[in-house]
Amino acid sequence: MKTLILGAVTAALLHITPTVILVKREDAVAKLLPGADQFAARELHLSSTDSRKLHDAVGWEPPDGVVTFYVGKHGDQTVGALVFMRVDCQHGPIELAIGYDPRGTIRGVEVTKATVEMKPWIVEALRAGLTNQYRGLAVAQAPNGAEKVKPQIGAMPGYMAELIDKGVMHAGAAYRLFYR
Amino acid sequence: MLYDLRHSDLRVRWLVTLLLATLGTSYLFGAWMVGLYAGFSPKAVAQTYGPAGEAHMAMQMPPDTTMVTERPVSMAEMGEEQHHVDVNLLVQDTHVHMPMYAVIAACLGLIALGLAIPRWASLSLIALLFAAPWLDFAGMWLTKLASPRFAIVTVAGGWAMALGYTIVAAVATYQMWWRKP
């Protein structure tokens, strides 16, 4: 009994593990905005009404009311836009980079950060081809990568895939509603 | 004094020494981490825990209509994530760190009970050990919810934590291994 209690207390104290970088942000930018040599940060400071609109659409709003899209250009030509999106869960935060082409469809998704505990689950989901499921998705379409890879992976990687779906959905809603 | 560390069994002194050494090492890495992610000045702490960073102070309240600003950035700037702790992350940090700080303060407090120091000094030392984490997190929350000026409270909490540990470690080590009246 003592061991059980001690184990529970230890688990409670230590259940958020340190953050690990899965893909460097620079590498994610290079991959998702290929050829871009000029960048601009487009910051959307959302009004209360627009924050509520976003919340009504996807059940999420940026905690500080700001969504930042990074726009990539090559010469005068826009290569696309990218947003870093954080998804929190009881195991810690996951950071995603979601890249859009100029038409507004998803060019790619990279998982840039996770925690030590979540890393193997996320890697398993990625190996099952999770991020391939988002490529070419229009912002109005609901991402369902998790459903497609779940039969090939375990329960926790499946849960991670659901969280990644959620992050892609949040980014898509912000892009669809406010990115101009 | 509930027990006397100076004349305690060698095993107890060994345990206390190793505990202090381990905590000291973790404090050094803690200070390194603070330097990496938050900084030691009130301004840096305010940027980390403030409503949306000091740079966005003018935008603390949501604007009446959504505002879009655009500024050129370099690849390096996009790579450098400005570490900013929002409410959700602060809830998580408080939940994870407060119990651990309490355990550390309790361990150091138990060591303080065995030191040959006046009763008032012992009480003050225990108060300091527990006040430090309270100041640390109170400062973070007040910086977030009230004003960036409260960042100084977090800085004070950090220094109080270092001071409490240093006093306990120095006096305990001295009394256990050198001074034996």
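Student: What share of the accessible surface of chain A belongs to carbon and sulfur atoms?
Tutor: Accessible areas here come from the Shrake-Rupley method with a 1.4 Å probe, and for residues only the protein chains shown count as cover. The total for chain A is about 8,400 Å². The share that belongs to carbon and sulfur atoms is 55%.

Student: Before we go on, what ipTM does the model score?
Tutor: This is a predicted model, in which local features need pLDDT of at least 70, side-chain atom pairs count only at pLDDT 80 or more, and totals for chains, interfaces and linings use all residues. Residues are numbered from 1 along each chain as its sequence is written, chains are lettered from A and ligands numbered from 1 in the order in which they are written, and side-chain values use heavy atoms, leaving out hydrogens and water. The pTM is 0.62, and the ipTM is 0.75.

Student: Which residues of chain B have a pLDDT below 50?
Tutor: pLDDT is the predictor's confidence in each residue, from 0 to 100. Chain B averages 85, and 90% of its residues score at least 70. Where pLDDT is low, the predicted coordinates should not be read in detail. In chain B, the stretch below 50 covers residues 53–59.

Student: How many helices and strands does chain A have?
Tutor: Helices (H or I, at least four residues) and strands (E, at least two) are DSSP runs, numbered from the N terminus. Along chain A the elements run α-β-α-β-α-β-β-β-β-α-α-α. That chain has six helices and six strands.

Student: Which strands stand at the edges of the sheet?
Tutor: Two strands pair if DSSP finds at least two bridges between them. The open sheet of seven strands has the order E1(A)-E6(A)-E5(A)-E4(A)-E3(A)-E2(A)-E1(B), with antiparallel pairing. Each edge strand has a single partner strand, so one side of each is left without a neighbour in the sheet; the two are E1 (19–21) of chain A and E1 (67–73) of chain B.

Student: How many bridges join strand E4 to strand E5 in chain A?
Tutor: Strand E4 spans residues 77–89 and strand E5 spans residues 92–100, and the two run antiparallel. Within this pair, Leu82(A) stands opposite Gly99(A). The number of bridges joining E4 to E5 is nine.

Student: Which residue's side chain makes a polar contact with the side chain of Arg42(A)?
Tutor: Arg42(A) is found in strand E2 of chain A. A polar contact is a pair of N or O atoms within 3.5 Å; within protein, one must be able to donate a hydrogen and the other to accept it, and residues adjacent in sequence count only if both atoms are side-chain atoms. At 2.7 Å, the partner of Arg42(A) is Glu70(B).

Technical notes. Contact means heavy atoms within 4.5 Å.
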